[in-house]
Amino acid sequence: MAAALDLFVDRGYAATRLEDVAAAAGVSKGTVYLYFANKEELFKTVVRENLVPTLARGIDLVENYQGSTPELLRELLRGWWGLVGATPVAGLTKLIMAESSHFPDIAQFYHEEVVLPGDELFARVLKRGVARGELRDMPANPTTTLICAPLMFLMLWQRAFSASSRIEIDPEAFLDNLLQMLLFGLTTGAARDTPLPPKVGPYVWEQIQQEALAQAQGQQAAREIPAPPPETA
């Protein structure tokens, strides 16, 4: 499985062949086919052996943790980085994002085996925190996505963008600040205890969109106005 994981991460799903996996593992191609009917089955096994057990351990931790929910959330964020984000396994997420449109079956598999259980894990954390009076009662959807999205960004940054960027992101500092934002939010003082008022009128981005559309329509109309005929002597 280690050889398959390395090849999938380095080459992507489309470019990885079973014979290459066999060569990297030091076995014959026939040996690989004894265990896996095709590349899709091999990929599924790689995911199940490298990601699914980690999620299961996370759920077990949520069910049996004795400390506070903020402490539990810290354990999960740190555990995710140590077990997944900082390892070659993180490359599987990048692979899915890059190739899901070409291989919808493996994308669906990844969604069902990894994404949904991950959402459920954090939903349990939210429910636990509310029951203990430690967290605000917020809907699991989209709150779990708001928790997971920065983690996905950090993985992609480490594996795709960091080499060509002048900005350095320290994963440890990133996770510490993410935890603080999740636990305490961005507001302070009276603003922290004051709910947002109902929105009245359009959002600014909607106004900008309408202005841009009107400008584009005006420019198009100007181009369609026929030129006046030349004056005759």
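Residues are numbered from 1 along each chain as its sequence is written, and side-chain values use heavy atoms, with hydrogens and water left out. Because the model is predicted, local features need pLDDT of at least 70 and side-chain atom pairs count only at pLDDT 80 or more, while totals for chains, interfaces and linings use all residues.

The unreviewed UniProt entry places the feature "domain: HTH tetR-type" at residues 1-54, a span that is 74% helix and 0% strand and whose end C-alpha atoms lie 16 Å apart.

The structure holds eight aromatic pairs, where rings of Phe, Tyr and Trp (its six-membered ring) pair if their centres lie within 6.5 Å, and planes under 30 degrees apart count as stacked, over 60 as edge-to-face and the rest as tilted. The rings of F153 and W157 have centres 5.8 Å apart and planes at 40 degrees, so this pair is tilted. The two residues are four apart in helix α9 (residues 140-161), and are therefore separated by about one helical turn. Their accessibility is tabulated below, with buried meaning under 20% relative accessible area, exposed over 50% and partly exposed in between (1.4 Å probe, protein chains only).

| Residue | Relative accessible area | Class |
|---|---|---|
| F153 | 36% | partly exposed |
| W157 | 11% | buried |

Ring pairs also link F8, Y13, F43 and F103 into a cluster.

The axes of helix α4 (residues 39-50) and helix α8 (residues 104-131) come within 11 Å and cross at roughly 20 degrees, which makes α4 roughly parallel to α8 (angles under 35 degrees count as roughly parallel, over 145 as roughly antiparallel, 65 to 115 as roughly perpendicular and the rest as oblique).

How values were computed. UniProt positions are given in the numbering used here, feature names are shortened, and annotations may be inferred rather than shown by experiment. Axes are lines fitted to C-alpha atoms, for helices over the stretch in contact, and angles run from 0 to 180 degrees between N-to-C directions.
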